[in-house]
Amino acid sequence: LEDQPGDVDRIGGRRVVHAVVVGLQLVVEGVGRERVGLAEQIVAGVPEVTKVGRRTGRAELDEHAEGVHYSEMDVDLKTSARSREAIIGDIRARLVVLPAVSNVGQPISHRLDHLLSGVRAQIALKVYGDDLDTLRGLAADLRTRLAKIPGVTDLQIEKQVLIPQIKIRVDYEQAARYGVAPGALLTSLEQMIEGERITQIVEGNRRFDLLVRLPESGRGLRELPDLLIETPGGHVPLSRLAAIEDGDGPNQVSRENARRRIVISANTDGRDMSKVIADIRAELAARPLPEGYFTALEGQFQAQEQAARLIALLALVSLTMIFLVLYSRYRSMALTAIIMGNIPLALVGSVIALWISGQPLSVAALVGFITLTGIATRNGILKISHYINLCAFEGEQFGDPMIVRGSLERLTPVLMTAL
């Protein structure tokens, strides 16, 4: 049957096993059910692991419904001297013996990743195009290039492999000659080959769907050409209405925005996400794709970049309003500029502190910068207002002695509020 438009058309394929490890999600692909038990034993051998549990598949009505090819391992860890990165590295190193690709991440973050990009990974590089063979070739080339970028780990390509299929191609001229609508013919074939649910059998607390379809012996390559199809002129063999051939086809056809696509997913090993994304974008720009093919880079960083842009816009608005309020209070550009000059000096110290501690410039750090801006502005207002009061009400003359006195008198309140 020809593939029809849709989000994902799953036809079959290799066995896929997913696993969650105490806040870490392991995605192991290409292993059978017997290998899942081996994966459990391997993970249980990590010194920090205390318990290992597994569940296979999810209910059909679940928000994240999966078949029996999907397994999750819940692992409890105990405190140790090793860091989180060291434990994850140990798990990855132990799973190398399996013929599979592992994907490690947080369970909640994987849900968020799935909502943001449709992939349970921090970074999703989607390649769009029309020809599946070309997409697979481009994805393999991109995977090789991205593997050289520092900080990229758990790099894998969405599994699209060729599997045996029986293809039925409708002959529209013959179908019209016999008075059969192609859509009705395909629907009838789907009902006879895949089966149609006609009722439900209730047996105690259990319910079973009753399907009607051709027997296994009637759905083979040799039997289908002789399958009788009802037409206005009588029953005719299927071979007169369609071409039936044995061939290979993809195990799944994924589409997004009405275009075929294949996904390359990856995580980071602790390196700054913004630097990893910058390197990936530079690598993509270095070698353009063929005409008609393009890429889309999605993931957690999108939300971070949007939040950073919003914070930058709000910061500009806030600084403008602060300047206007200060000028309306002091009626002096010089005094307003002195107070506003505290802001960049305070931010310089914050940037140095981030560099010393090795922390990236994240959204949380930007929020801290905004808070620091308010504190620096308030401290400047305290000092300038006190200098003015000393000159206006205590007879001080503007000069070094007045500045030293005013600074010493405001040192304690500024330190108490700033610290």
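This is a predicted model: local features need pLDDT of at least 70, side-chain atom pairs count only at pLDDT 80 or more; totals for chains, interfaces and linings use all residues.
The protein chain has twelve helices and 16 strands; helices (H or I, at least four residues) and strands (E, at least two) are DSSP runs, numbered from the N terminus. Of its 419 residues, 36% count as buried. Buried means under 20% relative accessible area, exposed over 50%, and partly exposed in between, with a 1.4 Å probe and protein chains only. Among contacts (heavy atoms within 4.5 Å) between residues at least 6 apart in sequence, 68% join residues at least 24 apart.

Leucine 284 illustrates such a link across the sequence. Leucine 284 is buried, because its relative accessible area is 18%. Not counting residues up to four places away in sequence, leucine 284 touches Leu125, Leu142, Arg145 and Thr295.

Helix α7 also contributes to the largest nonpolar core, which has 25 residues. A nonpolar core is a set of buried Ala, Val, Leu, Ile, Met, Phe, Trp, Tyr and Cys residues joined through side-chain atoms within 4.5 Å. The residues with the most contacts inside this core are Ile123, Leu125, Leu146, Ile264, Ile280 and Leu297. At least two of its residues come from each of β6 (123-129), α4 (132-146), β7 (152-157), β15 (259-268) and α7. Helix α4 supplies the largest share, six residues. Leucine 146 touches Leu125, Val152, Leu155, Ile264, Ile280 and Glu283, again leaving out residues up to four places away in sequence. Apart from this core lies another, of 16 residues, among them Val170, Leu189, Val236 and Leu238.

Helix α7 (residues 273-286) packs against helix α8 (residues 300-330) at an angle of about 110 degrees, with the axes 11 Å apart. The two helices are therefore roughly perpendicular, a term that covers angles of 65 to 115 degrees. Axes are lines fitted to C-alpha atoms, for helices over the stretch in contact, and angles run from 0 to 180 degrees between N-to-C directions. On the α7 side, Met273, Ile277 and Arg281 meet Gln300, Phe301, Gln304 and Glu305 of α8.

The loop between β14 (252-256) and β15 holds asparagine 257, and alanine 258 lies in that loop between β14 and β15 as well. Asparagine 257 has a phi near 55 degrees, a positive value in a residue other than glycine, and alanine 258 has a phi near 65 degrees, likewise positive in a residue other than glycine. Asparagine 257 counts as exposed because its relative accessibility is 68%; alanine 258 counts as exposed because its value is 76%.

Two further helical residues complete the account. Serine 385, in helix α11 (residues 363-393), is buried because its relative accessible area is 16%. Its side chain reaches the backbone oxygen of isoleucine 381 at 2.8 Å. Glycine 183, in helix α6 (residues 182-193), is partly exposed, with a relative accessible area of 46%.

Technical notes:
Residues are numbered from 1 along each chain as its sequence is written. Side-chain values use heavy atoms; hydrogens and water are left out. Angles under 35 degrees count as roughly parallel, over 145 as roughly antiparallel, 65 to 115 as roughly perpendicular and the rest as oblique. A polar contact is a pair of N or O atoms within 3.5 Å; within protein, one must be able to donate a hydrogen and the other to accept it, and residues adjacent in sequence count only if both atoms are side-chain atoms.
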